[in-house]
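The following exercises are to be worked through with the sequence and the coordinates at hand. Each task is followed by a solution in steps.

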Amino acid sequence: MSEQKLQSQTVQTTGHAWDGDLQEYNNPLPAWWVYTFYVTVVFAIVYWTIYPSWPIGKGWIGGASNITYVNSAGETKTHSWNTRALLVKDLNEAAAAQKPYFDKVSSMSYEQIAKDPEMNGFIISAGKSLFADNCAACHQSGGQGVVGFFPNLTDDDWLYGGSFDKIHETLLGGRRGYMPTFSEVLSGEQIDQLANYVASLSGIGHDATKASAGNVLFHTDTAACFYCHAVDAKGRKDIGAPNLTDNIWLWANVPAAQGDAGKVAAIRGVISGGLNKGVMPAWAGRLSTEQIKVLTVYVHELGGGQ
Amino acid sequence: MQTGLEDQLGLYQKRIPIFTRSVKGRFRRFKTSVLVLAYAMYFLLPWIPWARLDAPAQALLFDLPGRQFLIFGLTVYPQNIIWLAFLLIIAAILLFFVTGLVGRAFCGYFCFQTVWTDFFIWIEKSIQGERPTRVRLFRQPWDREKIIKVGSTHALWLLVSFWTGLSFVAYFTYAPQLVLDFFSGRAADAAYITTGLLTLTTYVAAGLMREQVCTYICPYGRFQSVMYEPQTLAVHYDAKRGENVHGRAAVRAGRGIVTERRHDRAEGGISAERRLINLTTGARALAERHEKGLGDCIDCGLCVQVCPAGIDIREGLQYRCISCGLCIDACNTIMDSFGFPRGLIRYDSESNLAAATRTPPRLHWLGLKTLGYGAALILMSGLLAYSISSQDSFDRAVSQIRQPLYVVLSNNDIRNRYQVRITNKAAQEQTYFISATDIPADALDLGGFSEISIKPGHSGLVQVSVHLPPALASKTERFNLVITPKGKPAEARSESVHFDSPNRRP
Ligand code: SF4
Ligand code: SF4
């Protein structure tokens with residue numbers, strides 16, 4: 001067969017002749033190629049009629065295909081096809097699909113939500129993305145916070161309280177933590193004594209004499225720590241003063257400090273410098289009521305809820 | 001410099017149309033029964049009803065939006081994807097196994113391309129007539145007759161293609177509803193697109209391209225060739241017998257016998273005496289031929305005319321041969337009618353054909369490769385059967401929350417948290433309990449969920465937190481979470497999970 005093929009495939013010329021004998025070979029494109037090309041032409045024309053195509057003046061030909069969606073205000077909108085309208089449509093559809101859940105959230109109590117398996121699933125997934133978008137920048141994606149900057153939301157220690165209501169209050173109004181700069185009122189010696197006392201409260205190795213002197217400073221008007229941190233040093237949740245007797249540290253990076261001396265030094269640093277950076281923004285007005293409610297339950301479920 | 005074969009031939013070769021002649025015989029009968037069976041299965045399966053509690057009453061339904069495959073009494077969830085892997089492995093091994101034994105049996109008898117092409121050729125024959133008539137019609141100018149005949153052939157092909165496409169879609173949605181929706185324009189876009197696409201591809205592949213798919217496109221045909229052994233049975237022309245010393249030659253005498261036999265057959269088989277006479281005449285004719293050094297092939301060309309691949313098997317085993325056996329049937333018919341022994345074209349092995357003394361063709365089971373594939377086949381089928389029969393009534397996935405890996409609590413206890421996802425695979429709603437072993441009972445905190453009840457086919461998520469005092473935490477590397485369906489303690493399953501603590505980071 002190959003021989004037959006060879007004989008039948010002598011190359012034709014186009015039939016023109018220049019300068020007497022100059023001819024041009026005619027190697028036509030394969031038929032399948034030509035037909036494919038025609039199909040693409042037809043495709044392009046069909047495409048123009050369906051999708052936006054040619055610019056005309058300041059506008060363009062919109063094409064036959066439309067995008068219709070119902071926006072959050074309940075109005076039906078129709079645009080000729082474009083990717084922006086497509087996105088808006090998708091967003092509106094997603095919001096509509098979530099709406100029954102958010103409606104349920106607003107009608108249920110926190111305890112009901114936390115006990116309903118289906119709602120719990122919704123909180124875990126919706127809360128996760130809300131948290132990632134709004135909270136994770138400071139509190140980290142898992143809510144573990146950063147010692148020295150942002151509180152850990154997964155442990156069992158709460159500055160302002162870990163009940164549903166308290167978490168909700170924190171989210172709505174934000175918080176501002178403050179501690180005066182004690183280097184302005186106390187001597188370095190006194191601050192060192194106080195630091196040793198605070199270390200003793202959590203069982204960190206300390207100088208006992210300094211600690212007992214610090215005890216006096218703490219409970220008298222000289223330093224007057226007890227006003228905020230309470231007489232038993234367990235803090236006051238109404239003003240966000242932390243419990244100094246447990247093992248949770250936010251501002252002084254005690255867990256990372258080397259040796260007892262290092263830990264005491266970390267505490268000393270906080271006492272002498274004071275604090276004016278514990279700011280959490282208010283989310284009322286930025287997030288919807290239902291979103292804040294979802295986040296409340298989500299943060300509560302992060303492990304530390306009380 | 002040598003030019004490549006492509007340069008000499010040109011990359012593009014125009015298709016030479018093939019008009020196959022129909023034939024009767026063992027292989028044709030086998031192919032027809034496979035076709036009937038395959039079509040009955042493919043077209044009817046989606047219509048078999050099967051009562052279910054909370055899913056459409058369709059025996060075979062691949063419910064993609066619901067993320068479940070309903071196969072009679074079995075519900076397959078995405079978690080069972082391993083079964084699909086098993087099935088594909090089994091199919092692959094089966095292909096290798098069979099190909100090593102009897103060549104491209106899949107191609108010739110079971111492949112969709114072969115089955116659909118076969119049916120399309122049958123339609124073509126029914127409308128346009130037997131091969132000579134079709135050839136004449138092909139050469140004839142486009143007159144009324146040609147337009148009607150060719151047009152109705154293509155119309156029928158399109159109809160079959162369309163029903164093929166629609167039937168495929170019917171596997172994915174409730175079939176009666178689909179057909180109603182489809183023709184009233186209310187079906188999903190995907191249904192129209194899929195049906196359209198499959199209509200087109202079926203029509204093009206089985207109607208227009210046919211053997212070109214096997215020759216140029218299909219990879220299976222090519223890689224099956226490398227699985228042939230010298231002992232593999234394949235369709236072969238016995239050249240030694242067919243060509244003898246002086247080659248093939250037509251038979252001029254003996255036409256009478258053919259008519260006679262046809263006549264006998266019409267009356268219900270050939271009589272004993274007749275066969276004897278036929279055989280003796282045949283043997284005599286054959287003896288004469290052999291004396292002259294002629295082969296048994298009478299060069300009638302029937303084997304070429306029936307071949308759907310358009311090849312001449314007498315040129316030897318070829319990559320285009322899909323091993324359909326029709327040339328065997330054709331040649332046997334001819335041999336019968338002349339009273340020559342059957343099997344000039346037959347299933348035989350290369351090694352046997354080359355051997356000095358022939359033995360009757362037989363399957364070679366005992367090769368190492370065949371036994372190995374056989375063992376793998378049994379093993380994988382057993383694994384699949386075991387996996388399906390022993391599946392749990394629920395699925396569980398425990399993932400440790402890794403941000404943070406652990407939390408140090410105010411009293412120095414260490415807490416780890418886990419997300420437990422339970423998927424109910426049973427047919428009814430079920431309540432599950434979660435407990436733990438290897439850790440104190442009070443270390444486990446399930447939040448609001450002492451139990452969780454899950455609808456069939458749904459999943460539920462439970463957050464589990466575990467806290468241990470530091471001393472115990474540093475000793476505990478793993479513990480078990482136990483999930484127990486309510487009232488079925490025997491179906492309880494435990495998952496070993498990791499516990500992280502600061503003293504022992506991973
Ligand atoms: S040569 Fe043709 S007819 Fe014979 S088995 Fe191969 S494909 Fe079938
Ligand atoms: S059908 Fe048999 S006898 Fe006829 S040409 Fe083919 S091999 Fe020869």
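This is a predicted model: local features need pLDDT of at least 70, side-chain atom pairs count only at pLDDT 80 or more; totals for chains, interfaces and linings use all residues.

**Exercise 1. Carry out the corresponding analysis for R134(B).**

Solution. 
Step 1. R134(B) lies within helix α6 of chain B, residues 131-139.
Step 2. With residues up to four places away excluded, the contacts of R134(B) are F19(B), T20(B), I121(B), E124(B), K125(B), Q128(B) and G129(B).
Step 3. R134(B) has a relative accessibility of 1% and therefore counts as buried, the limit being under 20%.

**Exercise 2. Describe chain A by its secondary structure, burial, surface and contacts.**

Solution. 
Step 1. Twelve helices and eight strands are assigned in chain A.
Step 2. Chain A has 306 residues, of which 34% count as buried.
Step 3. Its accessible surface is about 17,700 Å², and 58% of this belongs to carbon and sulfur atoms.
Step 4. Of the contacts in chain A with a separation of 6 or more, 50% are made by residues 24 or more positions apart.

**Exercise 3. Determine where in chain A the confidence is lowest and where it is highest.**

Solution. 
Step 1. Chain A has a mean pLDDT of 88, and 97% of its residues reach 70 or more.
Step 2. The lowest confidence falls in helix α1 of chain A (residues 2-8), with a mean of 45, and the highest in helix α2 of chain A (residues 31-50), at 95.
Step 3. Across residues 1-8 of chain A the pLDDT is below 50, and this stretch has seven contacts in the model beyond near neighbours in sequence.

**Exercise 4. List the residues around ligand 1 and around ligand 2, and classify each shell.**

Solution. 
Step 1. Around ligand 1 lie V235(B), C307(B), P308(B), I311(B), I313(B), C321(B), I322(B), S323(B), C324(B), G325(B) and C327(B).
Step 2. This shell comprises nine nonpolar, two polar and no charged residues.
Step 3. Ligand 2 has around it Y237(B), C297(B), I298(B), D299(B), C300(B), G301(B), C303(B), R314(B), C331(B), M335(B) and I345(B).
Step 4. The shell of ligand 2 divides into eight nonpolar, one polar and two charged residues.

**Exercise 5. Is C327(B) buried or exposed, and how many disulfides does the structure hold?**

Solution. 
Step 1. C327(B), one of the residues around ligand 1, is buried because its relative accessibility is 9%, under the 20% limit.
Step 2. C300(B), one of the residues around ligand 2, has a relative accessible area of 38% and is therefore partly exposed.
Step 3. Over all chains, the structure holds zero disulfides.

Conventions
Residues are numbered from 1 along each chain as its sequence is written. Chains are lettered from A and ligands numbered from 1 in the order in which they are written. Side-chain values use heavy atoms; hydrogens and water are left out. A residue is near a molecule or strand if one of its heavy atoms lies within 4 Å of it. Ala, Val, Leu, Ile, Met, Phe, Trp, Tyr, Cys and Pro count as nonpolar, Asp, Glu, Lys and Arg as charged, and the others, Gly among them, as polar. A disulfide is a pair of cysteine sulfur atoms within 2.5 Å. Buried means under 20% relative accessible area, exposed over 50%, partly exposed in between (1.4 Å probe, protein chains only). Helices (H or I, at least four residues) and strands (E, at least two) are DSSP runs, numbered from the N terminus. Contact means heavy atoms within 4.5 Å. Accessible areas come from the Shrake-Rupley method with a 1.4 Å probe; for residues, only the protein chains shown count as cover. pLDDT is the predictor's confidence in each residue, from 0 to 100.
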